[in-house]
Each structure stands twice: as structure tokens, then as C-alpha cells.
Amino acid sequence: MLELLANSQKNFIHFLRISIFIVMAWIGGLKAFHYEAEGIIPFVANSPFMNFMLNNNVSDEDNYKLHKNKEGEVIPENVKWHEANGTYTFSYGLGTAIVLIGISVLLGIFYPKIGLISGILTAGMSFVTLSFLITTPEVWVPDLGGSEHGFPLLSGAGRLVIKDVIMMGAGLVIASDSAKSILNLRKV
């Protein structure tokens with residue numbers, strides 16, 4: 001069993017690439033839907049890496065909380081606010097970038113240079129996502145009168161974000177594997 005596992009490492013790294021592709025294609029594809037775009041707005045609005053991409057001329061721009069729809073809910077006034085804010089446009093662009101990174105990760109199976117770049121991009125994207133733990137208040141359980149709130153108690157949004165530690169590690173593994181393949185090709 002040990003030999004089988006040890007000799008299967010390359011196949012498992014390819015499986016890791018396929019897994020990253022599935023997650024990125026799915027999550028990136030969801031960015032085309034309004035509910036997903038609206039769901040990421042707390043992260044984007046609070047992020048110094050991303051908030052500049054929203055329309056700063058929108059009135060009450062800091063009050064995105066007033067314009068949140070529950071998943072599946074459609075309140076026309078909120079939709080209009082998100083349209084004016086650039087929420088949907090930003091989400092379409094972000095989704096496209098995520099899908100393209102996912103495709104590049106998959107292509108890394110056959111093209112090590114693409115695999116290297118896509119692994120680095122995956123790790124970098126994960127770093128930005130993990131920064132939401134510092135910048136987004138919604139990642140912590142809010143103080144609603146109970147004794148359990150704040151750091152280190154992750155909300156649903158926080159639990160979603162912390163999983164990117166795994167994606168960052170996966171990106172670094174595939175970047176490392178691709179770098180190794182590139183070096184091996186140079187020796188030939």
C-alpha cells in the first residue's frame with residue numbers, strides 16, 4: 001500500500017489539478033448569477049484589493065448591508081442598487097478570471113509552464129481571499145447579545161473563506177510540481 005501511494009504521487013497531483021479546475025469552473029461560473037454577485041459584495045466592498053472596482057459614485061455605497069438580498073430573493077430596489085454599484089459587472093469579470101485560472105490549472109497537466117503560472121495565480125488568488133478574514137466584518141459571528149461572537153468564531157462566510165488555505169496549498173503544490181517538470185525538461 002505504501003509503494004502504491006508513493007508511486008502515485010504524480011497522478012494525485014493531476015487529480016489535485018482536476019479538483020482545482022472543478023472548484024474554479026463551478027464557483028467562477030456562479031459569478032454570472034445575481035445571487036452570487038450579491039453574496040460577494042461584503043468581501044469586495046471591504047477589501048483594499050478589490051473595492052476600487054466598484055462604482056464609488058453610488059449613493060450610500062458603504063451601506064451594502066441595506067441592499068442585501070437573501071439567496072434566491074429578488075428585491076427590485078436592491079437589484080437596481082447593485083446594478084448602479086457595478087456589483088454584477090465586477091462579478092462577471094471576477095468569474096471569468098476564476099474560470100480562466102481553473103482552465104489554466106487543468107492545462108498544467110500537459111504544459112508545465114502554464115501549470116507553474118496557474119499554480120502561482122491560484123495561490124495568489126487564495127491570499128487575496130484569505131485577506132477577507134482581516135477586512136470583512138461578516139466573517140466573524142456578530143455580537144447579537146450572546147456570549148459567543150467575534151474572533152476566533154467564524155460565521156458561515158468566515159468558514160467559506162478559511163477553506164482557501166487548502167486552495168493556497170494546492171496552488172503551491174502544483175506550481176512546485178510544474179517547476180520540477182520544467183527543470184527536468186531542461187536537463188533532457
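**View 1. Phe43, a buried residue in a predicted model.** Phe43 has a relative accessible area of 8%, so Phe43 is buried (under 20%; exposed is over 50% and partly exposed lies in between, using a 1.4 Å probe and protein chains only). This is a predicted model, where local features need pLDDT of at least 70 and side-chain atom pairs count only at pLDDT 80 or more, while totals for chains, interfaces and linings use all residues. Residues are numbered from 1 along each chain as its sequence is written, and side-chain values use heavy atoms, with hydrogens and water left out.

**View 2. Trp140 meets Phe151 edge-to-face.** Trp140 is buried at 19% relative accessibility, but Phe151 is exposed at 67%.

**View 3. His82 and the residues it touches.** His82 is buried, with a relative accessible area of 0%. Its side chain makes a polar contact with the side chain of Thr87 at 3.0 Å (a pair of N or O atoms within 3.5 Å; within protein, one must be able to donate a hydrogen and the other to accept it, and residues adjacent in sequence count only if both atoms are side-chain atoms). Leaving out residues up to four places away in sequence, His82 touches Glu38, Ile41, His67, Thr87 and Tyr88 (heavy atoms within 4.5 Å).

How values were computed:
Rings of Phe, Tyr and Trp (its six-membered ring) pair if their centres lie within 6.5 Å; planes under 30 degrees apart count as stacked, over 60 as edge-to-face and the rest as tilted.
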